[in-house]
Amino acid sequence: MPVMPLHPRFVCVLGLIGMLVILLAPVEASERFTATAALKGAAGGAATAPLTIVVDKFSTAAERESLLKALKEGGTSGRDLLARRPAVGSLQIGTRSTPIKYAYAVSTGDRRLITVVTGLPIAFDDAGGAAPAARPGFDLGLVLLDVPSSGAGTGDLVPATKIRVEQDNTIVTEDASPDLVKLSNVTVRK
């Protein structure tokens with residue numbers, strides 16, 4: 001049976017179609033979490049601020065394992081690993097924005113537990129309008145969200161923390177401040 005050669009123009013058109021399919025392929029959609037953060041002011045008063053977390057890409061199980069391994073090593077290994085990673089989203093509280101270096105989601109029945117870690121402390125304006133002072137060694141920011149499949153969720157935000165992992169994979173945090181920032185009305189939108 002004779003084989004017909006393909007015309008060069010036909011091959012070119014097929015190549016262009018292939019490139020268009022790659023370029024137009026669906027991109028992982030980002031998720032936007034919004035919440036109300038309850039902040040304690042410098043004078044002891046309380047204030048609220050809007051919080052927006054945009055996750056462009058959730059971390060994979062392999063990325064999670066490499067971060068846990070680095071945190072188990074102790075010292076600055078975890079912070080250094082996060083510093084090398086590209087931002088996977090952003091966290092904005094009030095008027096200040098902080099890049100997210102790690103975001104991981106776990107589904108547990110009708111809920112999602114979201115862990116967000118920033119590669120530096122989370123900056124925000126307190127009720128007095130000044131940014132909180134940084135403490136050496138408290139180099140990461142942490143947000144934990146509990147989002148139900150319907151209705152609003154809750155969460156906690158730790159502006160500056162040390163994170164370590166015990167050998168049994170228990171995650172332990174030491175906070176720069178004894179006060180957690182409580183999050184309410186947590187909602188998600190894709």
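This is a predicted model: local features need pLDDT of at least 70, side-chain atom pairs count only at pLDDT 80 or more; totals for chains, interfaces and linings use all residues.
Strands S4 (residues 96–108) and S5 (residues 111–118) run antiparallel and are joined by eight bridges.

**Around strand S5**
- The hairpin of S4 and S5 has two residues between its strands, and glycine 109 there adopts a positive phi near 70°.
- S5 also pairs with strand S6 (residues 140–148), again through eight bridges and in an antiparallel arrangement.
- Threonine 115 in S5 has tyrosine 104 standing opposite, while the bridge partner of threonine 115 in S6 is leucine 144.

**Nonpolar cores**
- The largest nonpolar core holds 25 residues, and those with the most contacts inside it are Ile53, Leu91, Ile93, Val143, Leu145, Leu157 and Leu183.
- Two or more residues of this core come from each of strand S1 (31–40), strand S2 (46–55), S3, S4, S5, S6 and strand S9 (181–189).
- Leucine 145, beyond residues up to four places away in sequence, touches several residues, among them Phe33, Ile53, Leu113, Leu183 and Val186.
- A second, separate core has 14 residues, including Leu68, Ala70, Leu81 and Leu140.

**Arginine 85**
- You will find arginine 85 in the loop between helix H3 (77–84) and strand S3 (89–93).
- Arginine 85 is buried yet has no salt bridge, and the nearest side chain of opposite charge, glutamate 63, is 5.5 Å away.
- A polar atom of the arginine 85 side chain does, however, lie 2.9 Å from the backbone oxygen of glutamate 63.
- Leaving aside neighbours within four places in sequence, arginine 85 contacts Glu63, Ser66, Leu67, Lys101 and Tyr102.

Notes. Residues are numbered from 1 along each chain as its sequence is written. Side-chain values use heavy atoms; hydrogens and water are left out. Helices (H or I, at least four residues) and strands (E, at least two) are DSSP runs, numbered from the N terminus. Buried means under 20% relative accessible area, exposed over 50%, partly exposed in between (1.4 Å probe, protein chains only). Lys and Arg count as positive and Asp and Glu as negative; His and the chain ends are not counted. A salt bridge is a side-chain nitrogen of Lys or Arg within 4 Å of a carboxyl oxygen of Asp or Glu. A polar contact is a pair of N or O atoms within 3.5 Å; within protein, one must be able to donate a hydrogen and the other to accept it, and residues adjacent in sequence count only if both atoms are side-chain atoms. Contact means heavy atoms within 4.5 Å. Two strands pair if DSSP finds at least two bridges between them. A nonpolar core is a set of buried Ala, Val, Leu, Ile, Met, Phe, Trp, Tyr and Cys residues joined through side-chain atoms within 4.5 Å.
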